[in-house]
Structures are given as structure tokens and as C-alpha cells.
Amino acid sequence: MSKYEPLWRYLKENKKDKYQLTYEEIKNILGFCIDHSFLTYKKEVLEYGYEVIKISMKEEMVTFQKKVIFNQSEE
């Protein structure tokens with residue numbers, strides 16, 4: 001289990017299209033502060049239907065967006 005899995009589950013369970021979470025909110029969800037390893041682990045969120053679209057160190061905020069999957073039908 002990834003150390004960030006509680007955050008990924010939070011995103012999936014709350015079913016919003018877009019999240020803007022502060023570092024403090026993420027800390028409350030995870031029980032620890034995000035660190036540089038987040039850059040490596042962020043790709044895991046794709047498995048939960050989301051993607052990281054912005055990390056703002058200045059604003060201490062991470063923006064997640066629901067990944068849109070297009071189904072192409074044959075004509």
C-alpha cells in the first residue's frame with residue numbers, strides 16, 4: 001500500500017470533479033506532511049480516476065482534477 005493511498009481514496013470517495021487542497025488539508029487526510037516524494041507518487045492517483053494538474057509551492061496547494069476518459073465509438 002502506498003503511503004499516499006488515503007489521499008487517493010479521499011479523492012475517489014468524495015467524487016468531486018476538481019479539488020484544490022492545501023498542504024494542511026492533505027496533512028489532515030494523511031496524518032503527515034507531503035514531501036518531495038509526492039512528485040514520484042502522484043502518478044498513482046491516475047488509478048483512482050484523477051490527475052495532479054498543479055502543485056503550487058507558493059500557495060501551498062495541490063490541484064487535482066477528475067480524469068476524463070473519452071470513448072470512441074466506431075461508425
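## Exercises on a predicted model

Glu60 sits in the loop between strand 2 (50-56) and strand 3 (61-66). Keep in mind throughout that this model is predicted.

**Exercise 1. Place Lys15 in the chain, then give its phi and its exposure.**

Step 1. Locate the residue. Lys15 belongs to the loop between helix 1 (5-14) and strand 1 (18-22).

Step 2. Read the angle. Lys15 is not a glycine, yet its phi is positive, at about 55 degrees.

Step 3. Classify the exposure. Lys15 has a relative accessible area of 64%. The cut-off for exposed is over 50%, so Lys15 is exposed.

**Exercise 2. Describe the surroundings of Ser2.**

Step 1. Start with position. Ser2 lies in the segment before helix 1.

Step 2. Decide on burial. The relative accessible area of Ser2 is 14%. Buried means under 20%, so Ser2 is buried.

Step 3. Follow the side chain. The side chain of Ser2 reaches the backbone nitrogen of Tyr4 at 3.1 Å. A polar contact of 2.6 Å also links the side chains of Ser2 and Glu44.

Step 4. Look beyond the sequence neighbours. Leaving aside residues within four places in sequence, Ser2 is in contact with Trp8, Tyr41 and Glu44.

Step 5. Glu47 is 45 residues from Ser2 along the chain, and their C-alpha atoms are separated by 12 Å. Glu47 is in the loop between helix 3 (38-41) and strand 2. With a relative accessible area of 68%, Glu47 is exposed.

**Exercise 3. Work out which elements build the largest nonpolar core, and trace the contacts of Phe38.**

Step 1. Count the core. The largest nonpolar core has 16 residues. Those with the most contacts inside it are Leu7, Trp8, Leu11, Ile26, Phe38 and Phe64.

Step 2. Assign the elements. At least two residues of this core come from each of helix 1, strand 1, helix 2 (23-30), strand 2 and strand 3. Helix 1 gives the largest share, three residues.

Step 3. Trace Phe38. Setting aside neighbours within four places in sequence, Phe38 is in contact with Tyr4, Leu7, Trp8, Val52, Ile55, Val62 and Phe64.

Step 4. Contrast with a helix 2 residue. Asn28 lies in helix 2. Asn28 counts as exposed, at 60% relative accessibility.

**Exercise 4. Characterise the largest pocket by its space and its lining.**

Step 1. Recall the idea. Rolling a probe the size of a water molecule over the atoms shows where empty space is left.

Step 2. Read the volume. The largest pocket holds about 160 Å³ of space.

Step 3. List the lining. Tyr23, Ile34, Asp35, His36, Phe38, Leu39, Ile55 and Met57 line this pocket.

Step 4. Sort by class. The lining has six nonpolar residues, one polar and one charged.

Methods
Residues numbered from 1 in each chain as written. Predicted model: local features only at pLDDT ≥ 70, side-chain atom pairs only at ≥ 80, totals over all residues. Heavy atoms only, no water. Helix = DSSP H or I, 4+ residues; strand = E, 2+ residues; numbered from the N terminus. Buried < 20%, exposed > 50% of the residue type's maximum accessible area, 1.4 Å probe, protein only. 1 Å grid on protein atoms, 1.4 Å probe; cavity = no way out; pocket = protein on both sides within 12 Å on 5 of 7 lines; lining within 4 Å. Points joined across faces, edges and corners; volume = space filled by probe spheres on them. Nonpolar A, V, L, I, M, F, W, Y, C, P; charged D, E, K, R; others polar. Core = buried A, V, L, I, M, F, W, Y, C linked by side-chain atoms within 4.5 Å. Contact = heavy atoms within 4.5 Å. Polar contact = N/O pair within 3.5 Å; in protein donor to acceptor, adjacent residues only side chain to side chain.
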